[in-house]
Amino acid sequence: MAVFEKITIAKAINESLRASMEADPKVLVMGEDVGKLGGVFRVTDGLQKDFGEDRVIDTPLAESGIVGTAIGMALRGYRPVVEIQFDGFVFPAYDQIVTQLAKMHARALGKVKVPVVIRIPYAGGIGAVEHHSESPEALFAHVAGLKIVSPSNSSDAYWMLQQAIAGDDPVIYFEPKRRYHDKSRLDTESIPDPLHKARIARTGADLTLAAYGPMVKVCQDVANVAAEEGKSLEVVDLRSLSPIDFDTVQSSVQKTGRLVVVHEAPVFFGAGAEIAARITERCFYHLEAPVLRVGGFHSPYPPSRLEDEYLPGLDRVLDAVDRALAY
Amino acid sequence: MTVEGTAQRKNARGSSKRTTAKKATSAKKASPAKARNSGRPDEAEQDQLVQLLTPEGKRIEHPDYSIDLSAEELRGLYRDMVLTRKFDAEATTLQRQGELGLWASLLGQEAAQIGSGRALRDDDYVFPTYREHGVAWCRGVDPTNLLGMFRGVNHGGWDPNSNNFHLYTIVIGSQTLHATGYAMGVQKDGADSAVIAYFGDGASSQGDVAESFTFSAVYNAPVVFFCQNNQWAISEPTEKQTRVPLYQRARGFGFPGVRVDGNDVLACLAVTKAALERARTGQGPMLIEAFTYRMGAHTTSDDPTKYREDEERVAWEAKDPILRLRTYLEAEGLVDEAYLASIDEESEALGKRVRDAVRAMPDPDDMAIFENVYADGHALVDEERAQFAAYQASFADADAAAEGN
């Protein structure tokens with residue numbers, strides 16, 4: 001138990017796994033290179049040394065096999081925390097996640113539980129090769145039976161993972177890989193917010209920016225710049241995409257009258273589309289402007305030399321803010 | 001490439017496919033026919049096919065697998081197979097009558113399922129496909145529970161943990177990974193239970209099956225892979241799945257594979273027992289290929305006359321699993337007319353119980369749509385449940401208003 005004034009997200013996740021494994025002997029970590037190497041991002045660094053090969057399992061390079069066997073272990077009473085090495089590598093496991101993991105509890109009329117947590121380092125901004133920068137969260141949020149979360153800071157990274165592990169539902173925990181080394185405060189004795197509750201990251205009066213994971217920092221930067229121009233932006237860190245805490249977004253939008261949703265994932269059929277639709281239903285008479293979205297294009301994630309253009313950055317978000325405020 | 005060219009290529013491909021299928025069918029026909037004439041399949045296969053009871057009902061020995069059953073146990077296997085077949089036939093009839101939406105018959109595979117099913121201990125765990133009605137019977141799952149999903153009232157109506165019999169898995173091969181993971185858990189618990197994964201010749205082509213072989217071998221997991229090669233994956237013969245006998249696949253993964261006469265309940269029992277024992281004693285996985293035949297259609301929606309010759313089915317009829325055990329039991333004087341009559345009677349009673357149970361099976365409540373989507377709840381499901389309930393209630397209000405008039 002400790003207070004970390006400055007701890008990276010990667011280290012906070014490591015501490016979280018450690019705390020979960022200490023608290024419950026049924027918690028296992030499994031994935032490619034998670035053992036001796038500590039994962040390609042070193043998130044599981046030292047865990048195998050401390051908890052043994054029986055609980056920190058280096059798996060064959062087969063994502064469907066990793067998730068499928070994790071399901072089997074969960075049926076036996078374990079709580080596997082699976083690491084998928086990169087976002088773009090989750091698809092061999094997509095079948096197991098969608099047809100089995102998500103549906104097994106319902107199929108069994110509630111008689112079995114499948115508490116598998118799937119950690120996926122996601123999103124871009126690290127200059128990587130193809131398949132290493134994607135944001136596939138909407139493809140999972142569309143599936144009933146799964147819960148989807150994504151932290152934006154170290155404290156959330158620490159607490160949300162433990163909450164995901166402690167829960168009895170399958171959770172996909174998207175880790176903003178370009179923020180792994182961002183440092184922020186973590187108090188391991190504080191009382192965390194509920195897992196699926198959104199957080200007001202900054203209060204403001206003129207417009208609401210809603211984001212999650214890696215885009216929260218971008219939105220905070222946008223709010224800072226806008227403040228210099230005399231515009232007061234509220235930033236909502238959604239934290240959870242399934243379910244989405246629409247109540248918090250609704251309250252914010254009823255106050256500001258304007259909403260811009262920001263994510264790295266393609267705009268088309270993305271989380272922003274769902275949020276725009278729901279908030280329009282809930283806040284129709286409060287809206288001063290249509291809900292705008294800023295996100296990836298309907299193109300494959302581009303080569304890294306182009307990713308700064310593809311990713312929503314300060315200017316593209318500010319442009320949307322200006323357009324919304326112009327109504 | 002012109003459009004015309006594409007069409008030509010497609011036509012060429014289409015016709016060559018038909019030719020291939022035809023060839024495959026006639027080649028397949030040759031094998032059982034030959035087996036019947038000579039009393040043995042082709043030599044390479046015969047060397048590998050574990051058999052303890054011939055199609056003629058003659059008891060034979062095998063150098064690696066033996067079995068010694070009491071008269072009561074032998075009669076028990078007969079009873080299991082007869083009742084399973086009866087249940088299966090009843091379900092097919094219920095589908096024809098519109099009581100079930102679909103049925104996947106196990107006709108012809110009774111020996112593979114009862115033999116392997118009776119090899120299991122109570123603490124072992126089964127991961128079935130959707131056709132393991134005989135295994136379910138052995139596990140003590142009430143047969144009427146299997147029918148809910150085929151009637152459309154649920155997706156699996158039993159508690160997997162009360163009989164250590166997992167839910168039917170429809171996506172082909174997925175359950176082999178669940179079985180492997182479960183077995184890895186058994187291993188971590190230090191238990192000496194074993195796990196058995198059922199799948200078919202079609203599933204053997206799935207990546208998940210290959211991955212389950214890899215994982216189980218690497219971790220030396222206590223799992224037995226029981227492949228019922230019933231020769232057909234809907235319309236595709238085994239030749240469309242593999243160029244080597246399926247049991248040989250195991251070798252490349254580093255564990256043994258064996259082909260057993262899947263219509264010989266004694267051989268299936270003996271081989272499965274041995275494989276389970278290997279698993280229990282830390283010797284890792286094993287693949288059993290039960291060489292059998294799907295006597296009926298893939299499901300009640302299928303029409304096998306479109307893709308296979310009836311001669312093939314007739315040839316396999318001569319290898320019927322129930323008939324050969326009955327012949328043996330009668331020859332050994334282990335059953336008499338009274339016993340056989342009692343089984344028939346029990347069989348009729350089971351049929352009636354199944355019919356009555358299915359016809360009495362109520363549709364689920366509308367609100368069941370929203371149940372068990374999540375174990376810990378979900379705000380969106382709660383919201384949609386409330387909205388749908390209000391929508392439903394609006395009709396009640398309208399009805400009440402209409403009555404008031």
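**Notebook: a look through chains A and B**

I began with chain B and counted 16 helices and eight strands there; helices (H or I, at least four residues) and strands (E, at least two) are DSSP runs, numbered from the N terminus. I am working on a predicted model, where local features need pLDDT of at least 70, side-chain atom pairs count only at pLDDT 80 or more, and totals for chains, interfaces and linings use all residues. Residues are numbered from 1 along each chain as its sequence is written, while chains are lettered from A and ligands numbered from 1 in the order in which they are written.

**Chain B overall**

I looked up burial next: 45% of the 405 residues of chain B count as buried. The cut-off I use is 20 or more other C-beta atoms within 10 Å of the residue's own for buried, 12 or fewer for exposed, and partly exposed in between, with C-beta atoms placed from the backbone. I then checked contacts (C-beta atoms, placed from the backbone, within 7 Å). Among those in chain B between residues at least 6 apart in sequence, 76% join residues at least 24 apart.

**The core**

How many residues does the largest nonpolar core have? I find 192, and those with the most contacts inside it are Leu209(A), Cys219(A), Val260(A), Val195(B), Val224(B), Val271(B) and Ile288(B). Helix H12 (residues 265-280) of chain B gives the most to this core, namely eleven residues. Here a core is a set of buried Ala, Val, Leu, Ile, Met, Phe, Trp, Tyr and Cys residues joined through C-beta atoms within 7 Å.

I followed two of these residues further. Cys219(A) sits in helix H8 (residues 215-228) of chain A, and it counts as buried because it has 30 C-beta neighbours inside 10 Å.

**Where A meets B**

I turned to the contact between the chains, which takes 35 residues from chain A and 34 residues from chain B. On the chain A side, helix H3 (63-75), helix H4 (94-101) and helix H5 (104-107) each give two or more residues. H3(A) has the largest share, nine residues. By class, I get 13 nonpolar, 14 polar and eight charged residues on that side of chain A; Ala, Val, Leu, Ile, Met, Phe, Trp, Tyr, Cys and Pro count as nonpolar, Asp, Glu, Lys and Arg as charged, and the others, Gly among them, as polar.

**A loop residue in chain A**

I stopped at Thr59(A), in the loop between strand S3 (56-58) and H3 of chain A. Is Thr59(A) buried or exposed? It counts as buried, because it has 22 C-beta neighbours inside 10 Å. Glu32(A) is 27 residues from Thr59(A) in sequence, yet 5.3 Å from it in space, C-alpha to C-alpha.

**One helix in chain B**

Last, I checked helix H13 (residues 310-317) of chain B, where Glu312(B), Ala315(B) and Trp316(B) are buried. They cover an arc of only 95° around the axis, so they are on the same side of H13(B); the arc is that of the directions from the helix axis to the C-beta atoms. The face of H13(B) turned away from the buried side carries exposed Asp310(B), Glu311(B) and Val314(B).

Conventions
Contact = placed C-beta atoms within 7 Å.
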